[in-house]
Amino acid sequence: MTTTVFRRPPRIAPPTVPGGDLVMQPPPDLPRPDGGNTWLTALPALSGLGSVAYMFAGPANPITYVAGSMFLFSSLAMVGGSVLRNRTSNKGSANQSRADYLRYLRRMRGDVRQVAAAQRELALWRGPAPDQLWTIASGPRLWERRAADPDFGLVRVGRGPQSLITPLVTGETGPIDELDPLSSTSLRRFVITHSVLPDEPMMLASRRLAGVRLGGSRDEARGLCRALLVQAATFHAPDDLRIAICTRDPDAEEWAWAKWLPHAQLPDETDNVGPTRLITPSLAGLEELLGTELTNRPRFNRTATPDPDVPQLLVVVDGGRVDGAELLLDPDGLQAVTIIDLDGVAQELAVLHGMSLVVDDGKIAQRVGDELVWLGDADATPVPLAESIARQLAGVRLDTVAAQGEDLGSADNSLPGLLGIADPGDLDVERLWRPRPVRDRLRTPIGPSADGTVLELDIKEAAQDGMGPHGLVIGATGSGKSELLRTLVLGMAATHNSDVLNLVLVDFKGGATFAGMADLPHVAAVITNLENDLTMVDRMREALSGELNRRQEVLRDAGNLVSIRDYDRARAQGANLAPLPSLWVVVDEFSELLAQKPDFSELFVQIGRLGRSLGVHLLLASQRIDEGRLRGLESHLSYRIGLRTFSESESRAVLGVPDAYTLPSSPGHGYLKADTSGLRRFRAAYVSGPYRRTDAEDAIDLLPGSEVRPFTASYQPVLAPSDLAALNPEQAAEDETGADETSMLDVMVGQ
């Protein structure tokens, strides 16, 4: 099986959902009758009734009776019309307010539906359907959830009604009997209809539960449990989440598929067929495999913030042997351990620190006391689908270097791997040293960068699209500074002929940084342990100063050429000139050197001033930086490399930002700041690792008669050494001699 080292890319941002409450306008009040206006209108008419009475009380006269009758009828009509008009006005006002409010609800319905659509999109993003997980397992969202993420440990259990994420809140209203009844009914129905979304993914926060009891139909409970495990394995890396299964027959169909999950394998222990699987017939055996990883965990605390350094452990109990005294069944629970119990052996744990679910007829319910609260439709993953996704994940391993370094790493972080060298012990020097285009000259890989590409150091000057010619490396003790310098020097030597590049390697203290590199044909001198012999410092200064003068004379004799670029151009055009390789002077612990010999800074400044045209490049490295000692050299340092520093101030002095102080403690993490590329994060490659031959002659032979062994879920004992010796004496004898611990650096230098 081919293993792929997976480097998690930066997490893709999930869909966004509006926050806060949706405040609904209250329904309008009923219009109140305005009696005052009616009487004001009718009062003049009523006052005329006295005149009518006076007219009828006078002498009988037909004209008087007719006029009085007309006046009476007109007064009564005026009063009736005023009352009727006022009532009609009140009714029209109520109808208009009701229509306006219903239009408002129609507008709000559109807004609420937008929120509901965004909520549904987010829910499906967090909890896709089981038959969609294969797309996650083969895409950039694989293992996207880190231990510190808020959605770590979330797994989907089914689909059912869910409350709207932005509650519908009604504004303040008056007494109910004063509200318009139709508008109030419409608002109530609106809130009931839109406050709950049907058929939404239901999530279970396993990180906050010590036990989950799955009851009901055993087959359906297994289907739901498989769905939980497959989703957890797809979204969480094996370093952050472990899966263990206790079942009567590990090789039975129900759970044998889990053997392919890297989450269900111990990375540091193997049996006769591969990594030891966390699938056992007894719970005690499972605890024995987990060992201190289990026993060192504190008790479960629902309110405590989970420790991101403690991996989540999902333990399935389905038919395995349980004695009842196992630590996993302790009613107090363990931190970041969730027991998924299909047998009922952890019922007390589920009651105290978890929940009980019942699955039956495709539905899922939560048991609350003696009652069942039905939640919705249960998820189910059949065995073939679970095995298919598990096999997708089987060959994938998280790059632990990248995990420690905030997603920086590479499938092969060694220098040979970055250079495309299959076997450091069999270098194709002719291919590696073939003439390079100008763009690729004086370039070497540093290591993988944050964007997944390989970051290169280019010590050419900016006019040739380089970062150089001079630079600075600062890194605290244990930051990987010495390994970075070895990697850069060997990378240049492996890709450039000695006619193109020469090296002067200086280590003021000790000499361990460049140990073993003196035999490189590029190295003109390795000057070490200057601390104990300061006279060597003066001799080195004279030698470097003399080399600057010599190069000036070579350019002058070649026809008063201005720079080494003109010299190389003249040679390319056929001029009879000897090669004039670039010279890279690498000085480790330069701060200590300047502390003992302050006047040596004058030579560094001279190289900084003249090196650009003479082809002399300078790289200064130290654990600390004292800007006062640079004495004018700072303006010539066009690129800076900051590994982890002792303080924020040192990081600012090197990079202009405090970021290098907060780098991970593991060696090799750093930032490169160049005038042309800004600040870039990287993880340095290495060359000091042990050399392992990769040719067929030294490949590990399979045991005779055992070339093909079935990969089982159950444990397969490893053959005893005596059995191995009897089956393959030559291999056993080779194993007794021990592995070749020669480093890649020594092998490549020898080549």
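**Aspartate 465 is exposed, with a relative accessible area of 67%.** Exposed means over 50% relative accessible area, buried under 20%, and partly exposed in between, computed with a 1.4 Å probe on protein chains only. Aspartate 465 sits in the loop between strand E18 (454-458) and strand E19 (470-474), where helices (H or I, at least four residues) and strands (E, at least two) are DSSP runs numbered from the N terminus. Its phi is near 65 degrees, a positive value in a residue other than glycine. Most residues other than glycine have a negative phi. The model is predicted, so local features need pLDDT of at least 70 and side-chain atom pairs count only at pLDDT 80 or more, while totals for chains, interfaces and linings use all residues. Residues are numbered from 1 along each chain as its sequence is written, and side-chain values use heavy atoms, with hydrogens and water left out.

**Leucine 442 has a positive phi in a buried position.** The phi of leucine 442 is about 55 degrees, although the residue is not a glycine. Leucine 442 belongs to the loop between helix H13 (429-432) and strand E17 (443-448). Its relative accessibility is 4%, and it therefore counts as buried.

**Strand E6 pairs with strands E12 and E13.** Two strands pair if DSSP finds at least two bridges between them. Strand E6 (residues 211-216) is largely enclosed by the rest of the structure, because five of its six residues are buried. Strand E12 (residues 337-341) runs parallel to E6 and is joined to it by three bridges; here glycine 211 has isoleucine 339 of E12 as its bridge partner. Strand E13 (residues 354-360) also pairs with E6 in the parallel sense, over six bridges. In that pairing, serine 356 of E13 stands opposite arginine 213.

**The largest nonpolar core contains 52 residues.** Such a core is a set of buried Ala, Val, Leu, Ile, Met, Phe, Trp, Tyr and Cys residues joined through side-chain atoms within 4.5 Å. Leu214, Leu229, Trp257 and Leu261 touch the most other members of this core. Helix H5 (residues 218-235) gives the most to the core, namely nine residues. A second, separate core has 42 residues, including Ile446, Val489, Phe514 and Leu520. In soluble globular proteins, nonpolar side chains tend to be buried together.

A salt bridge is a side-chain nitrogen of Lys or Arg within 4 Å of a carboxyl oxygen of Asp or Glu. Neighbours within four places in sequence aside, the contacts of arginine 226 (heavy atoms within 4.5 Å) include Glu254, Trp255, Trp257 and Pro382. Glutamate 254 does form a salt bridge with arginine 222, at 3.7 Å from N to O. This pair links distant parts of the chain, with glutamate 254 in helix H6 (residues 253-256) and arginine 222 in helix H5, 32 residues apart. Glutamate 254 is partly exposed at 28% relative accessibility, whereas arginine 222 is buried at 16%.

**Tryptophan 255 and tryptophan 257 form a tilted aromatic pair.** Rings of Phe, Tyr and Trp (its six-membered ring) pair if their centres lie within 6.5 Å; planes under 30 degrees apart count as stacked, over 60 as edge-to-face and the rest as tilted. The two tryptophan rings are 6.3 Å apart, centre to centre, with 35 degrees between the planes. Both tryptophan 255 and tryptophan 257 are buried. Beyond four places in sequence, tryptophan 257 touches residues including Arg226, Leu229, Val383 and Ala390.

**Helix H2 (residues 62-126) holds an aromatic pair of tyrosine 101 and tyrosine 104.** The pair is tilted, with 5.7 Å centre to centre and 40 degrees between the planes. The two tyrosines are three residues apart, about one turn of the helix, and both are buried. Aspartate 100 and arginine 103 form a salt bridge whose closest N and O atoms are 2.1 Å apart. Aspartate 100 is partly exposed, at 35% relative accessible area, and arginine 103 is partly exposed, at 37%.
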